[in-house]
Amino acid sequence: MELIIYEMLYIIGLGLGDERDITLKGLDAVKKCEKVYIEAYTSLLSFGLSTDGLSTLEKLYGKPIILADREMVEEKVDNILLEARGSDVAFLVVGDPFGATTHTDLVVRAKTMMVDVKVVHNASVMNAIGICGLQLYRYGETVSIPFFTETWRPDSFYEKIERNRNLGLHTLCLLDIRVKEPTLESLCRGRKQYEPPRFMTINTAIDQLLEVEQKHGKSAYDEDTNCVGFARLGSEDQMIVAGTMRQLCTVNFGEPLHCLVIVGKTHPVEDEMLEFYKITTENPEQKGNEMLEFYKITTENPEQKGNGIA
């Protein structure tokens, strides 16, 4: 029996910066859709998902946008898929649509419900980290670093980092994002209340990584291990700093989102590129906007190297 395919679900990557990073193909798809959702669980745009942020998206796209929070994405997504059986629906994702397993599950469920899916790709953290000069094919398995609590301190990422390091490979560490997380107390009472949004900093991630190393003691890494810290990658005020774990702990990386790369064995060309981002030994405590200005290309000095080097 021939399957009947209804209308289209567009899963559209938005890139990493702001509303202008959508591709022309993605923008064309958005403009022809009757409903537009934006996923606000696995990531967020550099300018946030405030009312102002969404208004900026709506102004460019010419459409009202519905915020799809974690509860909707994980528990009520079938409602979106049912809408896509009768009209074109856009599901906007920060970065690339397949940067999170949640969206692979969405495609599977759509196919099961005979909803046709078209994916529009975009830049993601997985390739944008190439700006620091570490070659993408020299990375091992990516790991996620979750927030520790008093009673929950998971460390399954340690073995993956150790394996990568033994192979001489770099490790991308994605740092925890907690948006609309129900409080334990509210779950016990059966009435959901949510924690304030939290975004892990590079400093917190390094503290947790060193705690886990102390626990296992296998010397997978230590305070002198070279790393690269990224903040607001892909945005106008992105910040990229290379140094040891100890050095990066002295840097104020500012607003989210942050991620961290633990450097493996490097090629001379990689070393040469990393030099542009290293903390200077003369001023290892240089912080925040001062660090950003140090690396930023200015119109007065277009030869200056740094964050704009790509």
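This is a dialogue on how to read a few features of a predicted model.

Colleague: What should I know about the numbering and the model before starting?

Modeller: Residues are numbered from 1 along each chain as its sequence is written. The model is predicted, so local features need pLDDT of at least 70, side-chain atom pairs count only at pLDDT 80 or more, and totals for chains, interfaces and linings use all residues, while side-chain values use heavy atoms, with hydrogens and water left out.

Colleague: How are helices and strands defined here?

Modeller: They are DSSP runs numbered from the N terminus, with helices being H or I of at least four residues and strands E of at least two.

Colleague: How do I read the packing of two helices, and at what angle do α7 and α9 cross?

Modeller: Two packed helices are described by the angle between their axes and the distance between the axes. Axes are lines fitted to C-alpha atoms, for helices over the stretch in contact, and angles run from 0 to 180 degrees between N-to-C directions. Here the axes of α7 (residues 157–166) and α9 come within 11 Å and cross at roughly 85 degrees. That makes α7 roughly perpendicular to α9 (angles of 65 to 115 degrees count as such).

Colleague: Which residues make the contact?

Modeller: Contact means heavy atoms within 4.5 Å. From α7 come Phe 157, Tyr 158 and Ile 161, and from α9 Leu 209, Val 212, Glu 213 and His 216.

Colleague: Is strand β1 mostly covered or uncovered?

Modeller: Buried means under 20% relative accessible area, exposed over 50%, and partly exposed in between, with a 1.4 Å probe and protein chains only. Strand β1 (residues 8–13) is mostly covered, with six of its six residues buried. Met 8, Tyr 10 and Ile 12 point one way, while Leu 9, Ile 11 and Gly 13 point the other.

Colleague: Which strands are joined to β1?

Modeller: Two strands pair if DSSP finds at least two bridges between them. Five bridges join β1 to β5, running parallel, and Tyr 10 stands opposite Lys 118 in β5. Five bridges also join β1 to β4 (residues 89–93), again parallel, where Leu 92 is the bridge partner of Ile 12.

Colleague: Which residues other than glycine have a positive phi, for example near 60 degrees?

Modeller: One of them is Ser 219, with phi near 60 degrees, in the loop between α9 (202–216) and β10 (226–231). Ser 219 counts as exposed because its relative accessibility is 63%. Met 114 also has a positive phi, of about 60 degrees, and is found in the loop between α5 (101–112) and β5 (116–120). At 26% relative accessibility, Met 114 counts as partly exposed.

Conventions
Angles under 35 degrees count as roughly parallel, over 145 as roughly antiparallel, 65 to 115 as roughly perpendicular and the rest as oblique.
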